[in-house]
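Here is a short briefing for a first look at this structure. Keep the sequence and the 3D view side by side as you read.

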Amino acid sequence: MKVVLFCGGYGMRMRDGVSDVPKPMTYVGPRPLIWHVMRYYAHFGHTDFVLCLGYGAHHIKDFFLNYSETASNDFVLRGGDVELLGSDIQDWTITFVHTGLDSPIGERLRRVRGLVQGEEMFLANYADVLTDAPLNDMIDEFKASDAVGSLLAVPPQSAFHCVQVSDDDRICEITSVQHLPLWENGGYFALRPGIFDHLPENGDLITDACRPLAAAGRMLAYRYRGFWQPADTVKERAALEAAYRAGRSPWMLWTSAERPDPMQAAIAGIGAGEPGP
């Protein structure tokens, strides 16, 4: 299934006024955010990507054109030659499309319509938000529905508290906004080509397409209270970096698949008649 990634915005809340690096190219560990998002999709078998480029497009192009597998894979150096023990992007197909500097997300999607029009459905997402949500389950629920679009719905991320006040100005209840029956758009869209029938020129994906579809009962939500973390601000990106350095990276589902738990491996070995450690 094709994956369309929106990675052309200015990312003003992440800008330091000096660098022109776009937000998806902000690093977490040895790789940028966009790589982490793509690696998540590849973990579930979706390796055909369409990148909707705009601001700072050359940074994204240069990263993949000069990609170094050794930065995130084990390897053997023998006689001056590198022998990789693993690979990230060898089986990926990446289409780079410049979709304008100031285009809203809906227009960026419109400009790659020809690349997904023949698909029964396709995936789309922002290139700066990470999760460990079960993508296969999200897709299966969408496939079984008659919806035109689906998105990941997550609790509000704000740490504010809501205050319920009585008529005499006494506070009746204080509740964290995260515990209210509210959900916000978490990205990770699954879409059918019918979405283009609702996207006007220079339109916004959520306001101009998803909102009227929701009013007509044609949008689906996959509610998820597990790990979901955007990187809209420097603080949020720093939190992701700190989690990575501490070895707590729940969005990196591929690492657990590639590196089996040592204890489980030992148990399996004992069961097969091999000596334990």
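A patch is built from residues with over 30% relative accessible area and no salt bridge, with like charges joined within 9 Å and nonpolar side chains (Val, Leu, Ile, Met, Phe, Trp, Tyr) joined within 5 Å. A salt bridge here is a side-chain nitrogen of Lys or Arg within 4 Å of a carboxyl oxygen of Asp or Glu. Accessible areas come from the Shrake-Rupley method with a 1.4 Å probe, and for residues only the protein chains shown count as cover. By these rules, Phe-75, Leu-77, Val-82 and Leu-84 form a nonpolar surface patch of about 360 Å².

The model is predicted: local features need pLDDT of at least 70 and side-chain atom pairs count only at pLDDT 80 or more, while totals for chains, interfaces and linings use all residues. Residues are numbered from 1 along each chain as its sequence is written, and side-chain values use heavy atoms, leaving out hydrogens and water.

**The chain as a whole**

- The chain has 9 helices and 16 strands. Helices (H or I, at least four residues) and strands (E, at least two) are DSSP runs, numbered from the N terminus.
- Of the 277 residues, 43% count as buried. Buried means under 20% relative accessible area, exposed means over 50%, and partly exposed lies in between (1.4 Å probe, protein chains only).
- The accessible surface of the chain comes to about 14500 Å². Carbon and sulfur atoms hold 51% of that surface.
- Take the contacts (heavy atoms within 4.5 Å). Among those in the chain with a separation of 6 or more, 75% link residues 24 or more positions apart.

- β5 and β6 run antiparallel and are joined by 4 bridges. Two strands pair if DSSP finds at least two bridges between them.
- Arg-78 stands opposite Asp-81 in β6.
- The hairpin has 2 residues between its strands. Gly-79 takes a positive phi near 60° there.
- Val-82, one of the patch residues, sits in strand β6. Val-82 counts as partly exposed because its relative accessibility is 46%.

- How many residues of strand β10 (residues 149–154) are buried? The count is 6 of its 6 residues.
- Both faces of β10 are covered. Gly-149, Leu-151 and Ala-153 are buried on one side, and Ser-150, Leu-152 and Val-154 on the other.
- β10 runs parallel to strand β15 (residues 219–223), with 5 bridges between them. Met-219 is the bridge partner of Gly-149 in β15.
- β10 runs antiparallel to strand β14 (residues 189–191), with 2 bridges between them. Leu-191 is the bridge partner of Gly-149 in β14.
- β10 also pairs in the antiparallel sense with strand β13 (residues 184–185), over 2 bridges. Glu-184 is the bridge partner of Val-154 in β13.

**Two buried strand residues**

- Asn-125 lies in strand β8 (residues 122–126). Asn-125 counts as buried because its relative accessible area is 0%.
- The side chain of Asn-125 makes a polar contact of 3.4 Å with the side chain of Tyr-41. A polar contact is a pair of N or O atoms within 3.5 Å; within protein, one must be able to donate a hydrogen and the other to accept it, and residues adjacent in sequence count only if both atoms are side-chain atoms.
- Leaving aside residues up to four places away in sequence, Asn-125 touches several residues, including Val-4, Leu-5, Phe-6, Val-37 and Tyr-188.
- Pro-32 is in strand β3 (residues 31–32). Pro-32 is buried, with 0% relative accessibility.
- Beyond four places in sequence, Pro-32 touches Pro-24, Met-25, Thr-26, Tyr-27 and Phe-63. Phe-63 is 31 residues from Pro-32 along the chain, and their C-alpha atoms are separated by 9.2 Å.

**Two loop residues with positive phi**

- Asp-169 has a phi near 70°, a positive value in a residue other than glycine. Asp-169 lies in the loop between β11 (161–165) and β12 (171–176).
- Tyr-188 has a positive phi near 50°, and this residue is not a glycine either. Tyr-188 lies in the loop between β13 and β14.
- Is each one buried or exposed? Asp-169 is exposed, at 64% relative accessibility. Tyr-188 is buried, with a relative accessible area of 4%.
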